[in-house]
Amino acid sequence: MSYFNMSKSAYGAYVKEMSPSSTLGGDLLRAFAVGGAICCVGQALFEVYTGAGMAQELAATLVSVTLVFLGALLTGIGVYDDLAKIGGAGTLVPITGFANSVVAPALEFKTEGFVTGTGAKMFIISGPVITYGISASVVYGLIYYLTTAFTKAK
């Protein structure tokens, strides 16, 4: 059968038959469940740290450090990639996704050496995010400063 000789409706039916069905609903549910589970681990850590008598600010800092460590550790032993296959974008949003984006390229290029491999490629994924995040915060900070300075002057 020649695809060039098909009518538009026959070709449309062929494309519909051959196209995979959408898994968007399932993908959304898995991303929500995995991302939510990571956030629940963070909340549980916060409760443990504050329950141990730490101030909330220190506990929040320790939660961030612990989650970055866990994300890096799970990436290093290959578990985070398996989790990402299940949870998709749910693993990108929490702070563990940032740790994964730093550690994964560092591990991938470690054979090229510490300087030209690990050191040079470590921020290949997260570098642009950090750069644009800092740049955006500077721009927003300037806008905020200028708008509040002018409203206070009136």
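User: How many positive and negative charges does the protein chain have, and how far apart are their mean positions?

Analyst: In this predicted model, the protein chain carries 8 positive and 8 negative charges, and their mean positions are 12 Å apart.

User: Why does the structure hold zero disulfides?

Analyst: A disulfide requires two cysteine sulfur atoms within 2.5 Å. The cysteine sulfur closest to that of Cys39 belongs to Cys40, at 7.2 Å, which is too far for a bond. For Cys40 the closest cysteine sulfur is in turn that of Cys39, also too far for a bond at 7.2 Å. The structure therefore holds zero disulfides.

User: Why is Cys39 called partly exposed, and why is Cys40 called exposed?

Analyst: The term exposed applies over 50% relative accessible area, and buried under 20%. Cys39 has 49% relative accessibility, so it counts as partly exposed. Cys40 has 52%, and is therefore exposed.

User: How does the radius of gyration of the protein chain stand against that of a compact globule?

Analyst: The protein chain has a radius of gyration of 23 Å, whereas a compact globule of 154 residues would have one near 15 Å. The C-alpha trace spans about 70 × 55 × 40 Å along its principal axes.

User: Which secondary structure elements does the protein chain have?

Analyst: The protein chain has seven helices and zero strands.

Definitions and conventions: Residues are numbered from 1 along each chain as its sequence is written. This is a predicted model: local features need pLDDT of at least 70, side-chain atom pairs count only at pLDDT 80 or more; totals for chains, interfaces and linings use all residues. Side-chain values use heavy atoms; hydrogens and water are left out. Buried means under 20% relative accessible area, exposed over 50%, partly exposed in between (1.4 Å probe, protein chains only). Helices (H or I, at least four residues) and strands (E, at least two) are DSSP runs, numbered from the N terminus. The radius of gyration is taken over C-alpha atoms; the globule rule is 2.2 Å times the number of residues to the power 0.38. Lys and Arg count as positive and Asp and Glu as negative; His and the chain ends are not counted. The place of a charge is taken as NZ of Lys, CZ of Arg, CG of Asp or CD of Glu.
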